Amino acid sequence: MPDAPNFLTVWKVDLNTTATPKPLSSLRAAPLKGRVRVPGDKSISHRALIFGALATGTTRITGLLEAEDVINTAKAVNALGALAEKRGDVWEVKGRGVGGLRSPDGPLDFGNSGTGARLMMGVVAGHSMTVVMTGDASLSRRPMRRVLAPLMEMGLEVLEPGQEKLPLTLRGTSELTPIVYVLPVPSAQVKSAVLIAGLHAAGETTVVEREPTRDHTERMLRHFGASVRTEAKGLDTHITVTGHAELVGRDVHVPGDPSSAAFLAAAALLVPGSDVTIEGVLTNPTRIGLYTTLQEMGGDITFLNEREEGGEPVADIRIRASRLKGVRVPAERAPSMIDEYPVLAAMSAFAEGQTQMDGLAELKVKESDRLQATAAGLEANGAVVRVDGDSLTVTGNGGLKGGGVVATHLDHRIAMAFLTAGLVSDKPIVVDDSTMIATSFPEFRQLMETLGARYDEPVAR
Ligand code: S3P
């Protein structure tokens, strides 16, 4: 057994998701100015730790996102016998090879993180071990059947028959059967869980995507030496991984998270006179639908110094305050901006005319029902909003009055979206809790303050 990991002594995070709620409001802002970096991409950070654990040798990760969700994944891979720890500025993962992890001594707690839990289900599926997986109140409400169904076809057992939400007891096997799986929902988490399980199966496992979703798993698996084929067949994409793979530890650089940068970009567009540059942001086309949409709305956004870092495209993004006009956001763009609808909807209240966002079914199963939470938060602050099936329409009406309290439902992106809108609303917008921002972007407030934003801590009721 490896030595006890020391990462908790070098990086202290409050993993207690039942912590007392901390309401927060943002104050009307003067122009935001500056050049900043946002923390590492959350999706890539989870994958770097997991593939490092499944590789032989050492993986060195720079720029890892040190937020609760990712720290929970680090704890999980350590509990499974890999060793992930921070040394200086670099996270090192000493892996055990594909199929080489060992049973954990206790439950694996993924906190708020759907990505951590679902990707690790793919790992557990390929090991003959029994694992209890748990999560916080938000994660325990989220659907797991979408991942369990294909993994059970491959050989995973759920020891609570019929149960489809955490907590779950899962029994994997070292003899997984490869499958061809057509994704019923556009989900990179489901795709990734099946591909990860496929690394352990005897033969080729194929995932068929109808709509392209983020492709970090495919890119990073190739970087670690796995054989991954991506083929266009008609309107579909077939992604095939060869089983009994051998992954070799690699260096990984994690670029800035475009989903975190979205809040800074939104603030810079909305606050008159702002001019902000965010350096080193991931610009993978499967992730930047929001930026395309904001450009269509008239946003002054420039991609500078475009380059490739560690197999992913990266740029510095300059954003200058702009008058926005409403647009229709097509359903097929949803997977490339799925985490950005709360902030886009909040911004739409400041645009001229209507913004209609289609194809939002997946928003209902995120850290909260984001369709409902976004609409309710906007209405509480004076916006004209309509939810019609899977579409959300916001009619710009000279901005937001503010003065309302937003129910965040343990959802970091709902909190950050409304704190951003509050920088330009007539009266402050209060979010009922800000503690969960630490799951993805612990530096949010401090970075925004660097640019000139100010916040207030109202006393909890
Ligand atoms: C993620 C995929 C998306 C996204 C989540 C991260 C990933 O979820 O919303 O924040 O890293 O694969 P779905 O796969 O459920 O769409």
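Author: A definition to begin with: a residue is buried when its relative accessible area is under 20%. This is a predicted model.

Reader: How many of the residues of helix α4 are buried?
Author: Take the cut-off of under 20% relative accessible area. The buried residues of α4 include G114, R118, M121 and A125. The helix is largely enclosed by the rest of the structure, because the number buried is 12 of the 12.

Reader: What covers the buried residues of α4?
Author: Both helices and strands take part. Among the strands are β8 (130–134) and β10 (168–171). The helices include α2 (42–54), α3 (68–79), α5 (145–154) and α6 (188–200).

Reader: What distance does α4 reach from its first C-alpha to its last?
Author: Helix α4 covers residues 114–125, which is 12 residues. At 1.5 Å a residue, 16 Å is expected. The computed reach is close to that, at 17 Å.

Reader: Which backbone nitrogen does a side-chain oxygen of S113 reach at the start of α4?
Author: The oxygen comes to within 2.9 Å of that nitrogen. A polar contact needs N or O atoms within 3.5 Å. The nitrogen belongs to G116.

Reader: Are the rings of Y291 and F303 stacked or edge-to-face?
Author: The structure holds five aromatic pairs. For Y291 and F303, the ring centres lie 6.3 Å apart. Planes over 60 degrees apart count as edge-to-face. The planes here stand at 75°, so the pair is edge-to-face.

Reader: Which elements does that pair link?
Author: The two residues are 12 residues apart and link distant parts of the chain. Y291 counts as buried, at 2% relative accessibility. Y291 sits in helix α9 (residues 289–296), and F303 in strand β18 (residues 300–309).

Reader: Which side chain makes a polar contact with the side chain of S259?
Author: S259 is in helix α8 (residues 258–270). S259 is buried, with a relative accessible area of 1%. Beyond its neighbours within four places in sequence, S259 contacts R287, D339, E340 and R413. The polar side-chain contact, at 3.0 Å, is with E340.

Reader: How many of the five residues of strand β23 are buried?
Author: β23 pairs antiparallel with strand β21 (residues 354–357) over four bridges. β23 also pairs antiparallel with strand β22 (residues 384–388), over five bridges. The strand is largely enclosed by the rest of the structure, because the number buried is four.

Reader: In the hairpin of β22 and β23, which residue takes a positive phi?
Author: V385 stands opposite V394 in β23. The hairpin has two residues between its strands. One takes a positive phi near 60°: G389.

Reader: Which helix lies across β1, β24, β25 and β26?
Author: Those four strands form an open sheet in the order β24-β25-β1-β26, with mixed pairing. Its edge strands are β24 (405–406) and β26 (455–456). β24 runs parallel to β25 (residues 430–431), joined by two bridges. The helix runs at about 35° to β1 and covers residues 412–421: α12.

Terms used. Residues numbered from 1 in each chain as written. Predicted model: local features only at pLDDT ≥ 70, side-chain atom pairs only at ≥ 80, totals over all residues. Heavy atoms only, no water. Pairing = 2+ DSSP bridges. Contact = heavy atoms within 4.5 Å. Axes fitted to C-alpha atoms, helices over the stretch in contact; angles between N-to-C directions. Expected span 1.5 Å × (residues − 1). Buried < 20%, exposed > 50% of the residue type's maximum accessible area, 1.4 Å probe, protein only. Polar contact = N/O pair within 3.5 Å; in protein donor to acceptor, adjacent residues only side chain to side chain. Phe/Tyr/Trp six-rings, centres within 6.5 Å; stacked < 30°, edge-to-face > 60°.
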